[in-house]
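Work through the exercises below with the sequence and the model open beside you.

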Amino acid sequence: VTAPTREAFRPAMHYASKDTWLNDPNGLIYYEGNYHLYYQNNPFGNVWGNMSWGHATSTNLITWTEQPVAIACDEYEDIFSGSVVYDQHNTSGLGDGTAAPLVAIYTSAYKENSQHAGIQAQSLAWSTDGGYTWSKYHGNPVLNRNSANFRDPKVFRYNGPAGAYWVMVAVEALDFTVVMYRSDDLKSWDYLSSFGPANATGGVWECPDLFPLPLDGNEDLIRWVLTVNLNPGGPNGGSAGQYFVGDFDGVTFRSETTVTEGDQDPARLTEYHWLDWGRDYYAAVSFSNVPDGCRLMMAWKNNWQYGNDIPTSPWRSPMSLVREVSLVTSEGTPHLTQQAVIDPTALTRTVAYTELDVDGIRSVAGGGAVQLIEVTFVPGSADEFGLVIRGNGNEGTRIGIRPGDGRLLVDRTVSGNTAFHSAFSSIDTAPLRAVDGAYSMRIFVDHCSVEIFAQDGEVTLTELIFPDPSSTGVSLYTTGGTAKVTSLRLTTLA
Ligand code: FRU
């Protein structure tokens with residue numbers, strides 16, 4: 001009897017499907033004790049195509065159970081991205097008299113033999129068994145602008161001064177515009193307003209979201225956050241997500257963070273508010289119906305530049321960790337901060353260090369292929385300091401801080417297999433400033449990724465890597481002088 005071998009790169013603390021392709025998370029919802037993750041899925045292969053909604057469930061947001069395909073493509077339509085709401089009062093009438101329905105609002109991408117060929121319009125499906133089986137609504141599509149690029153509806157219940165109703169945010173992708181509609185029954189929709197183009201417009205706008213958050217924890221200071229993914233045009237190339245902070249009065253979103261042409265600060269013209277600065281955090285969207293008003297987000301951990309070619313099999317593409325987002329004022333502007341939703345006690349075998357001086361390269365015990373690294377650096381004379389993770393002497397991923405430039409960098413040029421696509425190998429950067437003279441990072445390492453939450457989640461940077469399974473070393477390094485590590489904890493998943 002031979003022990004089953006582990007599939008190369010299959011993540012330990014992230015979702016990936018068993019043997020198929022996936023992209024965007026869809027229909028994220030908490031319902032009756034389960035988190036439901038639907039997702040763009042090719043049920044018949046491991047590259048993009050035959051788009052349907054795959055499905056997985058979790059109670060802890062770390063381990064997931066794959067479920068049967070939830071909403072399948074057919075001869076007339078592909079099922080593109082969208083959202084799910086709990087229609088508690090059966091406003092849609094799609095409930096069955098005993099159970100209030102979950103209602104999915106998805107994009108019908110109509111095929112050649114449909115009467116709507118070439119059009120993208122919004123459609124409904126409903127479930128009365130808690131999200132496991134779905135029926136398409138006979139009156140689809142419910143919202144049609146006769147547009148070829150109208151997609152990715154995110155629906156939420158608005159309840160404010162203007163009244164109580166459903167709001168949909170979706171995109172006219174090629175116009176860099178978010179369009180907003182309202183409805184009382186999810187079936188008939190009235191136009192409210194549009195937002196954009198604004199800030200980053202280097203690629204089509206996709207997968208928007210709109211939600212309220214208290215600023216600095218103050219429930220009297222509610223701000224609305226509009227997130228917009230775009231492809232390409234991200235800060236380090238390809239797919240990424242930006243966000244705007246402002247106000248939504250039930251009709252119109254007004255941004256406080258839009259950079260205008262007349263803005264004199266050159267840094268602000270490129271350094272928009274990014275959800276993540278890495279190459280592999282796309283189509284981020286939030287969960288609905290989460291208790292206690294928590295705002296949880298998840299993204300596809302890949303990039304359209306090379307997504308179909310990443311060297312995994314038979315599955316392709318992991319999801320990100322789930323993040324709780326909150327809004328804080330920093331340098332006079334509201335910013336999102338993000339924390340990974342993971343219980344560190346689920347990880348085991350902690351190795352902790354205090355007060356390490358680093359001058360050159362210094363390896364530390366406690367490495368691993370799946371781990372959480374928590375580190376705080378105080379700069380010395382070095383122009384750059386940081387860590388090399390998933391190392392073996394020949395390969396490794398460098399996570400560095402250059403205090404003089406105010407930048408965080410991730411160098412994956414020698415991280416392992418980079419040859420599968422010419423756009424993959426890269427050194428990617430994000431702005432990072434010291435807080436009280438120090439730099440802290442929480443770094444989640446898995447079999448094929450690294451997710452960095454720097455300065456208490458103010459800056460995040462997510463990247464795929466494909467190292468040799470035996471590359472598990474961790475070292476500290478400096479270049480051109482010294483730095484001090486005031487604390488370092490490595491917690492390894494057994
Ligand atoms: C984003 C996206 C969406 C679309 C889906 C199709 O990655 O292009 O705009 O709905 O993927 O799979």
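Two residues are in contact when heavy atoms of theirs lie within 4.5 Å. The model is a predicted one, in which local features need pLDDT of at least 70 and side-chain atom pairs count only at pLDDT 80 or more, while totals for chains, interfaces and linings use all residues. Residues are numbered from 1 along each chain as its sequence is written, and side-chain values use heavy atoms, with hydrogens and water left out.

**Exercise 1.** Describe the surroundings of glutamate 206.

Setting aside neighbours within four places in sequence, its contacts include Arg151, Asp152, Val171 and Tyr282. Finally, the side chains of glutamate 206 and arginine 151 make a polar contact at 2.6 Å; such a contact is a pair of N or O atoms within 3.5 Å, of which, within protein, one must be able to donate a hydrogen and the other to accept it, and residues adjacent in sequence count only if both atoms are side-chain atoms.

**Exercise 2.** Which residue stands opposite glutamate 374 in β32?

Begin with the strands: β23 (residues 371-379) and β32 run antiparallel and are joined by nine bridges, where pairing requires that DSSP finds at least two bridges between two strands. Within this pairing, the residue opposite glutamate 374 is arginine 489. Strand β32 (residues 483-492) also pairs with β21 (residues 348-358), in the antiparallel sense and over nine bridges, and there threonine 350 has threonine 491 as its bridge partner.

**Exercise 3.** How many salt bridges are counted between domain 1 and domain 2?

First divide the chain into domain 1 (21-340) and domain 2 (344-492), with bounds that come from an automatic or database domain assignment. The centres of the two domains, taken over C-alpha atoms, are separated by 31 Å, and 29 residues of domain 1 touch 29 residues of domain 2. The count of salt bridges between the domains is four, each being a side-chain nitrogen of Lys or Arg within 4 Å of a carboxyl oxygen of Asp or Glu. As a separate example of a salt bridge, the side chains of aspartate 428 and arginine 279 meet at 3.9 Å, N to O.

Technical notes
Helices (H or I, at least four residues) and strands (E, at least two) are DSSP runs, numbered from the N terminus.
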